[in-house]
Amino acid sequence: MIVANDADTDSSGAVVPAPRVIDGLDGLRKAAGTDLGVSPWVTIDQELVDSFARVTNDEQWIHVDPVRAAKDGPFGGTVAHGFLTMSLATRLLWDVVVVSGVDVILNYGLNKVRFPAPVKVGFRLRMHVSLAQVNEIKGGVETIFHLEYESEGATKPPCVADMVWRYYA
């Protein structure tokens, strides 16, 4: 069973819908093949990109030097790391959907990830989520969520991925 929660508001007063709640393994099975929704917008700012660069030791100038990136870079300014974009998947997924009535949830990895376009610093992104597959495993189900990010003002998605989760009851 899929239940829509009541909406909430963010700090600006804008309505932010609560995530859909899927009830247990049977709910996941019933939701297979469906579009689950779209996350709220998230702004990618330079501070976030700089922090990610320090943590991953990927401080390439196209990410961390706004002056040089604007002058010499291919994107007209700094851009987020592809893996920074990907790292938001769990947060954005849980903004769209949560699963209740299970004992254990395991992030099992990714089947496919591509970064077709950059995310420019200062722009917003969000994620469209569908439940592509639900497969039976011992004691639970394995799900494949198809994730397609959208970057404000862009024509191509900055990230497309299939994320695998295992749910046990």
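Predicted model: local features only at pLDDT ≥ 70, side-chain atom pairs only at ≥ 80, totals over all residues.

A term first: a residue is called buried under 20% relative accessible area, exposed over 50%, and partly exposed in between. By that scale R126, at 23% relative accessibility, counts as partly exposed.

How many salt bridges does the structure hold? The count is seven. Among them is the one between D26 and R29, whose closest N and O atoms are 2.7 Å apart. These two residues are three apart in helix α1, and therefore separated by about one helical turn. The general principle is that an α-helix has 3.6 residues a turn, so residues three or four places apart point the same way. D26 is partly exposed at 49% relative accessibility, and R29 is partly exposed at 33%. The pair is also part of a network of salt bridges that links D26, R29 and E136.

A further salt bridge joins K71 to D72, with the closest N and O atoms 4.0 Å apart. Here K71 counts as exposed, at 69% relative accessibility, whereas D72 is partly exposed, with a relative accessible area of 43%.

I turn now to the helices. Helix α1 covers residues 24-31, and its buried residues are G24, L25, G27, L28 and A31. They cover an arc of only 160 degrees around the axis, which puts them on the same side of α1. Just after this helix, G33 takes a positive phi of about 80 degrees.

Which residues of helix α6 (residues 89-96) are buried? They are A89, L92, L93 and V96. Viewed down the axis of α6, these buried residues fall within an arc of 105 degrees, so they line one face of the helix.

Next, the interior. In soluble globular proteins, nonpolar side chains tend to be buried together. In this model the largest nonpolar core has 36 residues, and those with the most contacts inside it are L36, F145, L147 and Y167. The elements that give two or more residues to this core include α1, α6, β9 and β10. Its largest share, five residues, comes from β9.

Finally, the largest pocket. About 190 Å³ of space lies within it. The lining of this pocket consists of 17 residues, and H63, A80, H81, G82 and F115 lie nearest its centre. Helices α3 (61-64) and α5 (82-87) each supply at least two residues of that lining. Which element gives the most to the lining? The answer is α5, with three residues. By class, the lining of the largest pocket has 12 nonpolar, four polar and one charged residues.

That concludes my presentation, and I thank you for your attention.

How values were computed:
Residues numbered from 1 in each chain as written. Heavy atoms only, no water. Buried < 20%, exposed > 50% of the residue type's maximum accessible area, 1.4 Å probe, protein only. Helix = DSSP H or I, 4+ residues; strand = E, 2+ residues; numbered from the N terminus. Arc of directions from axis to C-beta. Salt bridge = Lys/Arg side-chain N within 4 Å of Asp/Glu carboxyl O. 1 Å grid on protein atoms, 1.4 Å probe; cavity = no way out; pocket = protein on both sides within 12 Å on 5 of 7 lines; lining within 4 Å. Points joined across faces, edges and corners; volume = space filled by probe spheres on them. Nonpolar A, V, L, I, M, F, W, Y, C, P; charged D, E, K, R; others polar. Core = buried A, V, L, I, M, F, W, Y, C linked by side-chain atoms within 4.5 Å.
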